[in-house]
Amino acid sequence: MPDSLPANSVGIVVPRSIAFEQPLALCSGRVLPRYDLCVETYGELNSDKSNGVLICHALSGHHHAAGYHSMDEKKPGWWDSHIGPGKPIDTNKFFVVCLNNLGGCHGSTGPSSINPETGGPYGPDFPIVTVRDWVNSQARLADHFGIACWAAVVGGSLGGMQAMQWAIDYPDRIKHALVIASSPRLTAQNIAFNEVARQAISKDPLFNKGRYFENGDIPKTGLSLARMIGHITYLSDDGMGSKFGREMRQEKLSFDYDTQFEVESYLQYQGERFSTAFDANTYLLMTKALDYFDPASEHDNDLAKALGKAKCGFLVASFTTDWRFAPERSREITDALVEAGKEVCYAEIESNYGHDAFLISSPRYDAVMAAYMQRVERDMGVNNAG
Amino acid sequence: MLDLGCGDGELLADLQQSLNIRGLGLEIDPDNITACIARGINVIDKNIDEGLASIKDNSFDTVVMTQALQVMHRPDQTVEEMLRIGKEGIVTFPNFAHWRARFYLALRGRMPVSKFLSYEWYDTPNIHFFTFKDFERLCIDRNIRIIERTVVDHNHRESWSNRLWPNMLGEISIYRITR
């Protein structure tokens, strides 16, 4: 945390919990009798409630997308690079809402929340939720704010999938979808990496079939490993090369199995940090939501048909060295939108940061997002989006 | 309307405003793409040389390509693709048989450089130089019908001389083509 707040920061923000007492029917067939969503908002809602922008987080994200919780907080929200006064998602113009999705572990109802039926945490009993379930819960959140139609729904990776689902399921309640570093569905390789992460967690000796909390344990090793694997898929080969190369912790080879290279130490640190800050059951749940997302499967694998109901404009953006969700995935989305006759812009952005690039400010990325958000601003309050 | 190599979106923006068309541009330059987005033009980051296979047949009423055909690796395939994905095509390109270009090559023995075609032979993006007659020959060979042709100077103005001897006196031509 800098000594003073930067001028283009949303500043100190206070998250809040919003209760939803009506049951939510889930895709799995189960029903969530009631739930809480942890939410942060930035900026002001205008009088006709047309300037709402919904931010959807990715696998390990949460509601704290921008600003600081206190002057002691070391790092700001996960998308502080792009949300703030004068930033591409300009909080001087938009009312920006970010939530922790159901199943999360940062305040919204999830596996670590108390199950009212048992008095103990849900744990593995928490229902598996899908992207569609999240969007349904987000629609209720929009109702809570009195927002009939979002000026835009913005998300990267799994967040981009939510933006697409919004366009499909609530065509009249979204004017623009920003789908960044995303995919119309996971490839076999994607699912394979998710499975390795799940195996690492579930085979941890302390996992106890998801009831680790009963012994006051956390499956630290498994969660740490899962994060390490994930982290590698978020970086590019060249990016890791230029960040670590073959830098060693000490000059001589130690001829043992201790840490030799800087990259090993870095991954261990990332894994360690994550394992104490994220819930294992939530991690499993999030990877399932990723694996299950496949809107085309409801339309004979025809993505253009699946997107046919959408009425909003789309910005699709990808990053050249992203190999988790390669540019080819974004091109599939774009081609389907063109075939379906939708309004779409597509930019393939040069970057060395791999999948993580969507979280990092760069001149071209910022310019593209800012230019599209200008279009979002022009379309606010206008009846027809396209 | 699809604009292949739409630049900063000016043509599409003008047409959307004046004729109420629904436009889509393909473009490869990052700054141009950002400019299109800012203008409210739908633009796709795409290298046209890599092919237009992802676009279905007859997706557009008109496909436009202004001053870009000579940059393509296979202009013949690009024209064929234009008429697969669009019902009509509009192509504009500079005429390499213009008398100034002929004189330059004939008298100086060097590839023509002018204010209008100002690159050197080694750094020019224009890799296929062709004349109006070359293009018309291609159309005949590929069963492409030329609906209309307009010949203009580099300021895009028509004149009696351009109409009289187009392959010698015309600098740019605008062709409307279809199958």
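Helix axes are lines fitted to C-alpha atoms, and the angles between them run from 0 to 180 degrees between N-to-C directions.

**View 1. Confidence of the predicted model.** This structure is a predicted model. The model scores ipTM 0.91 and pTM 0.94. In chain B the mean pLDDT is 91. Of the residues of chain B, 99% reach 70 or more.

**View 2. Helices α4 and α6 of chain A pack against each other.** Helix α4 of chain A covers residues 220-234, and helix α6 of chain A covers residues 262-275. Their axes lie 8 Å apart, at an angle of about 125°. Because of that angle, α4(A) is oblique to α6(A). The crossing of α4(A) past α6(A) is right-handed.

**View 3. Residues in the contact of α4(A) with α6(A).** From α4(A) come K220(A), L223(A), S224(A), L225(A), R227(A), M228(A) and H231(A). From α6(A) come L267(A), Q270(A), G271(A), E272(A), F274(A) and S275(A). By class, this contact has 5 nonpolar, 5 polar and 3 charged residues.

**View 4. Chain B meets chain A.** On the side of chain B, 14 residues are in contact with 17 residues of chain A. Two elements of chain B, α2 (30-39) and β3 (43-45), each give two or more residues to this side. The largest share, 5 residues, comes from α2(B).

**View 5. Residue classes on the side of chain B that touches chain A.** Nonpolar residues number 8 here. Another 4 are polar, and 2 are charged.

Notes
Residues numbered from 1 in each chain as written. Chains lettered and ligands numbered in written order. Predicted model: local features only at pLDDT ≥ 70, side-chain atom pairs only at ≥ 80, totals over all residues. pLDDT = per-residue confidence, 0-100. Helix = DSSP H or I, 4+ residues; strand = E, 2+ residues; numbered from the N terminus. Parallel < 35°, antiparallel > 145°, perpendicular 65-115°, else oblique. Left-handed = near helix turned anticlockwise from the far one by under 90°. Contact = placed C-beta atoms within 7 Å. Nonpolar A, V, L, I, M, F, W, Y, C, P; charged D, E, K, R; others polar.
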